[in-house]
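Dear colleague,

I am handing over the structure we spoke about, and below it you will find an account of what turned up when I went through it. Please read the notes with the structure open beside them.

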Amino acid sequence: LSELGEEFVAKYGQRLVPAENKLLALHYATNPDATVIIIQKDTVIEEPIIINSKATAIAAESIIVVVEEGAEATIIEKATSTAHYKSQILQIYAQANSKITYCTLHDEKEGAHSFSTKRTEVLQDATVTWIDFALGKGFTQVQLRSHLREAGAAAQQYQAMVGTEAQQCDINSDAFHEQSNTASVMLAKGILTDKSRAMYRGTVRVEKNARSCSGHQRSDMLLV
């Protein structure tokens, strides 16, 4: 991140995820740098971009994805952790007419604790699709929020959980409709066995002057 200059840092560094609470302040104090992925204008990447993330000790990582106008890509992150504490901040900036899918496979081992904050800014006629799949035997927390800031912006947010033994999963999924003619879909499904536990919360917020918006939310959980 530091290699991209002050202008880039000011525009993308912490704009969507400032140090607004103690956990985020600790994250930035531990690791102020970030991995940056830029999908250039009108570029269509057909093969998925693979990110392998493995934490074996206390870790803090940040990822910034900038999808320029008309670009398309899919990113698959395989996140494995045996660390007692792992923090992740992910920001996606989807410019006009772009499409991005970001899929994370969470695999926290027993005794591991993972805290993930994900936010996106979606501009005119752009679409962002989030997919989170929680496995493992540890603790997984995902705080996800999409800001639909221009007409035609859309967000699709999907979560799936398979809980076993003493696994714990905490997911908060929000979609903020800040302009008219925006759309969001939030779906969560899960299966819980043994002593596993899950918490899901979701918010669809439509601002006062945003009209003709579409928001759908549903969650289903099977207890075995």
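**Aromatic residues**

Phe8, Tyr12 and Tyr93 are joined by ring pairs into a cluster. Please keep in mind throughout that this is a predicted model. In total the structure contains 5 aromatic pairs. One of them is formed by tyrosine 85 and phenylalanine 115, whose rings lie 5.7 Å apart from centre to centre with 40 degrees between the planes, a tilted arrangement. This pair connects distant parts of the chain, since tyrosine 85 belongs to the loop between strand E4 (72-81) and strand E5 (86-94), whereas phenylalanine 115 is in strand E7, 30 residues apart. Tyrosine 85 and phenylalanine 115 are both buried.

Phenylalanine 115 also pairs with phenylalanine 139: the ring centres are 5.5 Å apart and the planes stand at 50 degrees, so this pair too is described as tilted. Because phenylalanine 115 lies in strand E7 and phenylalanine 139 in strand E9 (residues 139-148), the pair ties together parts that are 24 residues apart in sequence. Phenylalanine 139 has a relative accessible area of 16% and therefore counts as buried, the cut-off being under 20%.

A ring is involved in another way at phenylalanine 176, where the charged end of arginine 205 sits over the ring, 4.0 Å from its centre.

**Nonpolar cores**

The largest nonpolar core comprises 31 residues, and those with the most contacts inside it are Val65, Ile92, Ile100 and Tyr102. Apart from this core lies another, made up of 12 residues that include Phe8, Tyr12, Val17 and Ile89. If neighbours within four places in sequence are left aside, tyrosine 102 is in contact with Ile51, Ile63, Val65, Ile75, Glu77, Leu90, Ile92, Thr129, Trp130 and Ile131.

**Glutamate 121 and its surroundings**

Which side chains make polar contacts with glutamate 121? The side chain of arginine 15 is joined to that of glutamate 121 by a polar contact of 2.9 Å, and the side chain of arginine 149 by one of 2.7 Å. Glutamate 121 is placed in strand E7 (residues 113-122), and with a relative accessible area of 10% this residue is buried. Residues up to four places away in sequence not being counted, glutamate 121 touches Arg15, Leu16, Ile92, Tyr93, Ala94, His147 and Arg149.

Leucine 16, which is among those residues, is located in the loop between helix H1 (6-12) and helix H2 (22-30). At a relative accessible area of 4%, leucine 16 is buried. Between the C-alpha atoms of leucine 16 and isoleucine 92 the separation is 8.8 Å, although these residues are 76 residues apart along the chain. Again without counting residues up to four places away in sequence, leucine 16 touches Gln91, Ile92, Tyr93, Arg119, Thr120, Glu121, His147 and Arg149.

Strand E7 also holds threonine 117, which has a relative accessible area of 11% and is therefore buried. Leaving aside neighbours within four places in sequence, the contacts of threonine 117 are with Val17, Leu24, Gln88, Ile89, Leu90 and Gln143.

**Strand pairing**

In which sense do strands E8 and E10 pair, parallel or antiparallel? Strand E8 (residues 127-136) and strand E10 (residues 154-163) pair in the parallel sense, over 8 bridges, and within this pairing valine 128 stands opposite alanine 155 of E10. E10 pairs in the parallel sense with strand E12 (residues 183-192) as well, over 10 bridges; here glutamine 157 has methionine 186 in E12 as its bridge partner.

**Two loop residues with positive phi**

Asparagine 97, although not a glycine, has a positive phi of about 60 degrees; asparagine 97 is in the loop between E5 and strand E6 (99-108), and its relative accessibility of 41% makes it partly exposed. Aspartate 125 likewise is not a glycine and has a positive phi of about 60 degrees. The place of aspartate 125 is in the loop between E7 and E8, and at 38% relative accessibility this residue also counts as partly exposed.

With best regards

Conventions
Residues are numbered from 1 along each chain as its sequence is written. This is a predicted model: local features need pLDDT of at least 70, side-chain atom pairs count only at pLDDT 80 or more; totals for chains, interfaces and linings use all residues. Side-chain values use heavy atoms; hydrogens and water are left out. A nonpolar core is a set of buried Ala, Val, Leu, Ile, Met, Phe, Trp, Tyr and Cys residues joined through side-chain atoms within 4.5 Å. Buried means under 20% relative accessible area, exposed over 50%, partly exposed in between (1.4 Å probe, protein chains only). Contact means heavy atoms within 4.5 Å. Two strands pair if DSSP finds at least two bridges between them. Helices (H or I, at least four residues) and strands (E, at least two) are DSSP runs, numbered from the N terminus. A polar contact is a pair of N or O atoms within 3.5 Å; within protein, one must be able to donate a hydrogen and the other to accept it, and residues adjacent in sequence count only if both atoms are side-chain atoms. Rings of Phe, Tyr and Trp (its six-membered ring) pair if their centres lie within 6.5 Å; planes under 30 degrees apart count as stacked, over 60 as edge-to-face and the rest as tilted. A charge sits over a ring if NZ of Lys or CZ of Arg is within 6 Å of the ring centre and within 35 degrees of the ring normal.
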